[in-house]
Amino acid sequence: MDYVRVAKAADVPPGRMLAVRAGGEDVVLYNVDGTLHATRDSCTHQNYPLSKGALHGKYVKCALHFWEYDVTNGQYQGNPAVCVRRYPVKVEGGEVWVGLEPLPPAPRPLVSRDDA
Ligand code: FES
């Protein structure tokens, strides 16, 4: 797991959220009662940015069609089998770090019989 520094903890006070970039990914930080959580900044419905929605307690509501997610586990409240991607978060020295999975290795190029 690679951690990327994305913000200062003071930039995300309790009850607020903040859109950030982490290693080329759009991520939203949420402060729920002093604990930070992070999800992909993309609704699973039609990919609208969740950062344009509203945070109420531990729930973020998408601004486009009002799907609501629990940011502590990523579950869509209309169907818990549907989840928005979450990221591990840690705070060190007043800085917020988001954990990203390393990219999978690039696929081997295809070789035709003519190239072999
Ligand atoms: S795009 Fe989020 S609810 Fe439709």
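Which residue in E12 is the bridge partner of Ala-7? Select Ala-7 in this predicted model, then look across to E12, where Val-96 is its bridge partner.

Now widen the selection to both strands. E1 and strand E12 (residues 95–100) run antiparallel and are joined by six bridges.

Begin with Arg-5, Lys-8 and Glu-95, which are linked in a network of salt bridges.

Then pick Lys-90 and Glu-92, a salt bridge whose closest N and O atoms are 3.7 Å apart. Lys-90 is partly exposed, at 28% relative accessible area, and Glu-92 is partly exposed too, at 44%.

Move on to Arg-85 and Glu-25, whose closest N and O atoms are 3.2 Å apart in their salt bridge. Arg-85 sits in the loop between strand E9 (79–83) and strand E10 (86–87), and Glu-25 in strand E3 (residues 25–32), so this pair ties together parts 60 residues apart in sequence.

For the last stop, select Lys-58 and Asp-70, a salt bridge with closest N and O atoms 3.3 Å apart. Lys-58 is in the loop between strand E5 (54–56) and strand E6 (59–61), while Asp-70 is in strand E7 (residues 68–70). Is Asp-70 buried or exposed? At 4% relative accessibility, Asp-70 counts as buried, whereas Lys-58 is partly exposed at 33%.

Conventions
Residues are numbered from 1 along each chain as its sequence is written. This is a predicted model: local features need pLDDT of at least 70, side-chain atom pairs count only at pLDDT 80 or more; totals for chains, interfaces and linings use all residues. Side-chain values use heavy atoms; hydrogens and water are left out. Two strands pair if DSSP finds at least two bridges between them. Helices (H or I, at least four residues) and strands (E, at least two) are DSSP runs, numbered from the N terminus. A salt bridge is a side-chain nitrogen of Lys or Arg within 4 Å of a carboxyl oxygen of Asp or Glu. Buried means under 20% relative accessible area, exposed over 50%, partly exposed in between (1.4 Å probe, protein chains only).
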